[in-house]
Amino acid sequence: MLNVPSQSFPAPRSQQRVASGGRSKVPLKQGRSLMDWIRLTKSGKDLTGLKGRLIEVTEEELKKHNKKDDCWICIRGFVYNVSPYMEYHPGGEDELMRAAGSDGTELFDQVHRWVNYESMLKECLVGRMAIKPAVLKDYREEEKKVLNGMLPKSQVTDTLAKEGPSYPSYDWFQTNSLVTIAIYTKQKDINLDSIIVDHQDDSFRAETIIKDCLYLIHIGLSHEVQEDFSVRVVESVGKIEIVLKKKENTSWDFLGHPLENHNSLIPRKDTGLYYRKCQLISKENVTHDTRLFCLMLPPSTHLQVPIGQHVYLKLPITGTEIVKPYTPVSGSLLSEFKEPVLPNNKYIYFLIKIYHTGLFTPELDRLQIGDFVSVSSPEGNFKISKFQELEDLFLLAAGTGFTPMVKILNYALTDIPSLRKVKLMFFNKTEDDIIWRSQLEKLAFKDKRLDVEFVLSAPISEWNGKQGHISPALLSEFLKRNLDKSKVLVCICGPVPFTEQGVR
């Protein structure tokens, strides 16, 4: 009866995974932490067994190395000896052995595509897979075939043409001072969240999310443009217009030359993560161990993270790039708390708990205002179409599992006309752990459709609210519809044991 979005929100590969089949960690031996692994990679020890040589690996050779003490795995064409990493792998040795002596790319993408394996395993690199010679494209010839920025239909892959959405295209036109790139998605559910634009120097990159695919325009521009640009979406016809400002008012003979994967429609699961450097603008304490970070996008980037989706933050730590997923939030739940007022389209906010014995968050907490953090493009499958005609919305959150609920609350209370009731049950250890308690209470007082209940597992004796952990007894009263046949959505987020128990 209840619509528990176990496969959609949070995203399947997110740390906020709802589904019970998510990745589980195994206890590691003493001295086998991530920092211990980084120290080992810096020790100078030969981790490949090849004394620094890189070799070309055939399929036959790869298959021979399929034991725990001799385990080679191929990821995206590169072969790694992961035997030294076995005892350091949080998912356990058995998980790695599933790909022993074979191409583990698909398995890797299913479980933790966001992990920066190139950096983590760079000292374990054996070499490249041997491949048959391929005929390289002559892009000079390809450029001659371009007609108003559109490549011939013959270059559309059969699979995507048959199974994917209608194949998109692009065009461009210019005035004396402007260049407009028009993308024709041939879809009607396109909005500003659907398009991500990055341009740096002469490289222009536009990713359009079309259902489960990504349409990429990747061009080396023929002339220089200014940093700032504008993006407009005509939702009724699925057209996107990106308006660039020329640095010099001269006529362009052509838009530019194609770069990697230009004018291609790629399944999102097959695309790598693209990062841009964002500047830390502010950092403030929210609780004793949780901070609100505000990052500013580069002026040459357009990126809006859709509701229910996440991004990855990347930092170099002791010479290794470490990546962690986080769900962006709004600057606050109430406009009166936003000081100063910052435009939403240039700033991204994160509520992040600092684990002082951890590796990533202490480094993040040590950043100074003006420092930079790499931020990926968004990932996730949650669609706001789930909110259509919604009447009852139930939110279950534990700790920083509250973060995806922030944008959901803001959207639900302002953009769902059919909504009758929103109920949030927020689980924490103590009162001091409750994120934005004052704002939640004020929002509930201001909007009578919202009910908020705080549940503490280790309260002080004076606490008068609910106590304990997630349980059928707590949920049976909480999950009551406004009407018998009302349309319901339940969202749950928190540590894996919490979400698994909640779904059960």
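**Buried loop residues and a parallel sheet**

Asn263 has a relative accessibility of 10% and therefore counts as buried, where buried means under 20% relative accessible area, exposed over 50% and partly exposed in between, with a 1.4 Å probe and protein chains only. The model is predicted, so local features need pLDDT of at least 70 and side-chain atom pairs count only at pLDDT 80 or more, whereas totals for chains, interfaces and linings use all residues. Residues are numbered from 1 along each chain as its sequence is written, and side-chain values use heavy atoms, with hydrogens and water left out.

Reader: Which side chain does a polar contact of 2.5 Å join to that of Asn263?
Author: Asn263 sits in the loop between β14 (256-258) and β15 (264-267), strands being DSSP runs (E, at least two residues) and helices likewise (H or I, at least four), numbered from the N terminus. A polar contact is a pair of N or O atoms within 3.5 Å; within protein, one must be able to donate a hydrogen and the other to accept it, and residues adjacent in sequence count only if both atoms are side-chain atoms. The partner of Asn263 in the contact of 2.5 Å is the side chain of Tyr215.

Reader: From which residue's backbone nitrogen does a polar atom of the His262 side chain lie 3.1 Å?
Author: His262 is in the loop between β14 and β15, and His262 is buried, with a relative accessible area of 11%. Beyond neighbours within four places in sequence, its contacts (heavy atoms within 4.5 Å) are Tyr170, Leu216, Ile217, His218 and Ile219. The backbone nitrogen at 3.1 Å belongs to His218.

Reader: Which strands stand at the edges of the open sheet of five strands?
Author: The order in this sheet is β26-β25-β24-β23-β27, with parallel pairing, and two strands pair if DSSP finds at least two bridges between them. Each edge strand has a single partner, so one side of each is left without a neighbour in the sheet. These edge strands are β26 (466-467) and β27 (488-493).

Reader: What is the bridge partner of Phe394 in β27?
Author: Strand β23 (residues 392-398) pairs with β27 in the parallel sense over six bridges. In β27, the partner of Phe394 is Val490.

Reader: What is the bridge partner of Phe293 in β21?
Author: Strand β17 (residues 290-296) pairs with β21 in the antiparallel sense over seven bridges. Six of the seven residues of β21 (347-353) are buried. The partner of Phe293 there is Phe350.
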